[in-house]
Amino acid sequence: MINKIATSIDMALVGVQDGATVMIGGFGTSGIPNELIDGLIAQGAKNLTVVNNNAGNGDTGLAALLKTGRVSRIICSFPRQADSYVFDSLYRSGKLELELVSQGNLAERIRAAGAGIGAFFTPTGFGTELAKGKECRQINGKDYVLEYPIYGDLALIKAEHGDRWGNLMYRMAARNFGPVMAMACKKTVASVHEIADLGELNPEHIVTPGIFVHKIVKIDRQATQAGGFKKAV
């Protein structure tokens with residue numbers, strides 16, 4: 001019987017190796033799987049490469065992971081913002097390597113990994129520092145840059161609903177990078193707020209099929225304030 005429900009986050013994250021490439025869903029604070037990130041911190045893997053749209057907010061979630069010093073490299077499109085002081089400090093001190101990727105290219109490079117595409121040409125970034133050292137080509141009179149897929153060992157994503165086969169549905173903007181990251185990684189762990197019985201999820205509404213998901217963990221809902229941060233009790 002296929003049952004991808006993990007009884008704990010610790011169980012879901014067993015086997016994460018040092019040096020792993022970890023993709024973490026989220027757009028700003030929307031769809032960040034904070035509980036799974038905390039579990040990864042507790043698990044202890046080090047020398048990680050993290051792929052995310054941002055580079056952390058405040059001292060929680062991804063920023064907390066960076067603060068442990070166990071991330072050696074981050075691939076993202078929007079590393080700096082008003083409260084990205086953890087990233088700023090690590091980057092300025094040379095303790096964290098950054099690969100900056102434009103947001104559309106980041107999404108497409110991840111999607112290409114999941115779709116089995118070897119490489120692709122894109123106009124985004126041509127003529128900028130982001131294209132430095134990369135192959136460029138003119139196609140039908142337009143200039144393009146060659147980009148390669150980003151593959152991952154582990155995807156940590158946040159969904160709204162799941163079932164024991166691992167099928168996932170998302171809530172609005174929390175969907176963001178989750179579906180493509182699930183396809184691009186060897187293992188995907190998703191947190192969900194609701195676990196449905198088999199057949200209860202409308203197949204037309206399932207975004208990430210269970211074939212791309214290895215473990216799901218049910219987490220409690222927590223009230224948040226603007227920016228996705230937890231409300232003070």
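Predicted model: local features only at pLDDT ≥ 70, side-chain atom pairs only at ≥ 80, totals over all residues.

Me: How many disulfides does the structure contain?

Reply: A disulfide covalently links the sulfur atoms of two cysteines. Here the count is zero. For Cys76, the closest cysteine sulfur belongs to Cys185 and lies 16 Å away, so the two are too far apart for a bond.

Me: Which strands pair with strand 3 (residues 71-76), and in what sense do they run?

Reply: Pairing is read from the bridges between strands. Strand 2 (residues 48-51) runs parallel to strand 3, joined by four bridges; Leu48 has Val71 as its bridge partner. Strand 3 also pairs in the parallel sense with strand 4 (residues 97-100), again over four bridges, and there Ile75 stands opposite Glu99.

Me: What handedness do the β-α-β units have?

Reply: Strand 2, helix 3 (residues 62-67) and strand 3 form a right-handed unit. Strand 3, helix 4 (residues 85-92) and strand 4 form a right-handed unit as well.

Me: Is Leu156 buried or exposed?

Reply: In a regular strand, side chains alternate between the two faces of the sheet. Leu156 belongs to strand 8 (residues 152-158). Leu156 has a relative accessible area of 0% and is therefore buried, the cut-off being under 20%. Beyond its neighbours within four places in sequence, Leu156 is in contact with residues including Leu13, Val22, Ile24, Pro33, Leu40 and Val189.

Technical notes: Residues numbered from 1 in each chain as written. Heavy atoms only, no water. Helix = DSSP H or I, 4+ residues; strand = E, 2+ residues; numbered from the N terminus. Buried < 20%, exposed > 50% of the residue type's maximum accessible area, 1.4 Å probe, protein only. Contact = heavy atoms within 4.5 Å. Disulfide = S-S within 2.5 Å. Pairing = 2+ DSSP bridges. Right-handed = clockwise from strand over helix to strand, strands pointing away.
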